[in-house]
Amino acid sequence: MSSENEEGERSAGVQPEQLALIRDSVRKAKVPRAKPRTWRGAALAGSLPVARVVVDKGVLHLDRYFDYAVPEELDAQAQPGVRVRVRFGAGTRNVRDGRREGGGLVDGFLVERVAESDYTGPLAALAQVVSPERVLDEELLGLARAVADRYAGSLADVLQLAVPPRHARAEGLPSPPPTAARPEPDPGSWRRYARGPEFLAALAAGGAPRAVWTALPGPLWAEEIARAVQATLASGRGALVVVPAGRPAARVDAALRALLGEGQHALLTADAGQERRYREWLAVRRGAVRAVVGTRAAMFAPVRKLGLVVVWDDGDPGHADENAPFPHVREVLELRASRDKCAFLLGGWSCTVEGAQLVESGWAAPLAADREQVRAAAPLVRTVGDGDLARDEAARAARLPSLAWQIARDGLRRGPVLVQVPRRGYVPRLACERCREPARCRHCAGPLEARDAGPLVCGWCGRDEAAWHCPECGGFRLRAQVVGARRTAEELGRAFPAVPVRTSGREQVLDTVGPAPALVVSTPGAEPVAEGGYAAALLLDGWAMLGRPDLRAGEDALRRWIGAAALVRDQGEGGTVVVVAEPTLRPVQALVRWDPAGHAVRELAERAELGFPPVSRMASVTGTPEALTEFLGQAHLPPDAEVLGPVPVPAVEPGRPRRPGDAPPGERWERVLVRVPPGSGAALARALKTAQAARMARGLGAQQAVRVRIDPADIG
DNA sequence: AGCACGCCGACT
DNA sequence: GTCGGCGTGCTC
């Protein structure tokens, strides 16, 4: 793997869209606050003098409530749900009155007022009620608890993601009054789906239908989501839409505005800045706004009387939170749908294996257009295999097969042509050019990786390999690196000198392009929308997309191809797509037939057979070999758990930002995967959390640290 | 992770 | 005697 991040969407300049309520950044941003008064000798509240508090400490062995005494003066403000500050940590015990002093002040939430504590020691007093705003209601608390349990994490960590940092000024402003009545919902383009109008009618009638929706290609999806929201609002309930990035959020935002008018919904994205973010969130919390669209942190938005949750494009890595305990939007919204008994809509142009599983298990119903509709709405897809490319001398030189060349030239007469190239550094697994045998380290069999310059480097042990040759066929040429978007643009510019070439990628994402002929070179996830649709698209270097050593490589490649191809005109208007990839491969065939759901179903069957997620639940545990042995020895894993590994954790190459799960610099870490059959996921999470908490309490956390992660993303 | 407690060695 | 080393355990 190169020094670049492999996530296309994230690199497409959308990262700032995502909320990053990282503990550290919050801490850094913390302004020094006035010292609260001490409550020594103060009278306590007359009734329910004990407050149960969740302290903002993410560590697992502190993941429970702590009781504090409520001074009389704080009695009125100290209501369930408010933010409080308390003294926490080993403090000096004052012998005179038995109360505790000292210990640091930490933030927390008051979750409950009770008559007495079951703690036998003397209670410390609440130091301060930060504000009377009740930000954490029972619903959100319950959801956060469920998410923490699901991911073997702590409640405090989840609350950190779920409740945005306070901004006093935003709290002072009154939220606008609740919204007025809305027009009768109309199914609109949902009529394109056989059961679309039925789904909307169920929403409008207050029902809780659950659907996995394979959206037809084209731009109508945002409006269709808005219509689903509108139908839900008409039933007197609220709705929540979570999309993977700022651009799709803006599209749904615009669609909602067009359909509902101003002020009827909130847009929750991270680029808004703290004050606006908190103000919008409060408007939702206070019930002034009943519909929400946002990026992943919005998955916790405290929508009142939630009637519908929507996830768009759940395969996008932007839906996976980057902070402990790494909850995934789809999973969290599934939990919300189950807990709140509300409707659930999982939509996308493509379909994930998890989506297929929701249908297969009967939890959700499929919502798709019939084949005829799909064929009419999709572009014509043609393939150029690797072999064809190799035989095509001219093409190999120009890196553009003649078919692609023709289609581009033809398309450029009628409008813009999209060229999708994988991100440079997207190809982690090098292979022999002749026989395709993966290039492996001669010492440890790890995958060899190419750096910008210099010799090959082993991704596992870090050794240089200066003189690689293929052990199978004796070849000594490796398959070329992916050519980046910029160089592709230069090459194409020379090939089509009369046509403007534009690029969209990590540094600069184009949002839209006009209908005039142009070549638009883009990395996956950064494709601009073309006014009137692209005349054609070329999907280059398919082998690189498919060759990643990742369980999701096929699914991901298909999702990214479909993401580009869905921007192309339908075949009635001459829209054509060329994909340069082996035509026999399953994802390629699925693209040609435009059958992402079928692809997901077949993937699911294969995963079931191999015992892979999401059919079984997996957790990864990483740490030094000694720490792993110790941890696994102590943990009471469920009897049906299977431990796979350990295998070495790939080294963190210099320059790449460190991610959770990476070994600290200089340490050799290993990873095991723990697998349980369906139904034992909760037991697995519980066991891992208990074991982790126990060793933290024993102080093993620092030097003998292990990291636990449920549903790890990268199991190759 | 902090932070205070406790039980050893070196110093006035 | 008493100051302070950091190993160990707890946080209402």
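Leaving aside neighbours within four places in sequence, His-328 is in contact with Tyr-151, Met-299, Asp-314, His-319 and Ala-320. Contact here means heavy atoms within 4.5 Å. His-328 is found in the loop between strand E12 (306-312) and helix H10 (329-340). Helices (H or I, at least four residues) and strands (E, at least two) are DSSP runs, numbered from the N terminus. The relative accessibility of His-328 is 14%, so this residue counts as buried. Buried means under 20% relative accessible area, exposed means over 50%, and partly exposed lies in between (1.4 Å probe, protein chains only).

The model is predicted: local features need pLDDT of at least 70, side-chain atom pairs count only at pLDDT 80 or more, and totals for chains, interfaces and linings use all residues. Residues are numbered from 1 along each chain as its sequence is written, chains are lettered from A and ligands numbered from 1 in the order in which they are written, and side-chain values use heavy atoms, with hydrogens and water left out.

Chain A contains 22 helices and 29 strands. Of its 716 residues, 55% count as buried. Among the contacts in chain A with a separation of 6 or more, 75% are between residues 24 or more positions apart.

Two packed helices are described by the angle between their axes and the distance between the axes. Axes are lines fitted to C-alpha atoms, for helices over the stretch in contact, and angles run from 0 to 180 degrees between N-to-C directions. The crossing of H3 and H10 is right-handed. A crossing is right-handed if the near helix is turned clockwise from the far one by less than a right angle, and left-handed if anticlockwise. From H3, the residues that meet H10 are Glu-139, Gly-142, Leu-143, Ala-146, Val-147 and Arg-150. Their counterparts in H10 are Glu-331, Val-332, Leu-335, Arg-336, Arg-339 and Asp-340.

Helix H7 (residues 221-234) is mostly covered, with 12 of its 14 residues buried. The buried set includes Trp-221, Ile-225, Val-229 and Leu-233. An α-helix has 3.6 residues a turn, so residues three or four places apart point the same way. At 1.5 Å a residue, H7 should span 20 Å, and its end C-alpha atoms are 20 Å apart, which agrees. The expected span is 1.5 Å times one less than the number of residues. Glu-224 is found in H7. Its relative accessibility is 0%, so Glu-224 counts as buried. Beyond four places in sequence, Glu-224 is in contact with Ser-189, Trp-190, Arg-192, Tyr-193 and Trp-213. Just after H7, Gly-236 takes a positive phi of about 85 degrees.

One open sheet has five strands in the order E2-E1-E6-E3-E7, with antiparallel pairing. Two strands pair if DSSP finds at least two bridges between them. Strand E2 (66-69) and strand E7 (126-131) stand at the edges, each with a single partner strand, so one side of each is left without a neighbour in the sheet. Neighbouring strands of this sheet are turned by 45 degrees against each other on average, direction ignored. Strand E3 (residues 83-88) and strand E6 (residues 104-114) run antiparallel and are joined by six bridges. Phe-88 stands opposite Gly-104 in E6.

Another open sheet has four strands, ordered E27-E28-E26-E29, again with antiparallel pairing. Its edges are strand E27 (642-648) and strand E29 (706-710), each with a single partner strand, so one side of each has no neighbour in the sheet. Neighbouring strands here are turned by 20 degrees against each other on average, direction ignored. Strand E26 (residues 617-623) pairs with E29 over five bridges. Thr-622 stands opposite Arg-707 in E29. In helix H21 (residues 625-634), Pro-625, Ala-627, Leu-628, Glu-630 and Phe-631 are buried. The buried residues of H21 pack against E26, E27, strand E28 (670-676), helix H22 (681-697) and E29.

Cys-473 lies in the loop between strand E19 (464-465) and helix H16 (485-495). At 27% relative accessibility, Cys-473 counts as partly exposed. The C-alpha atoms of Cys-473 and Glu-437 are separated by 8.6 Å, with the two residues 36 apart along the chain.
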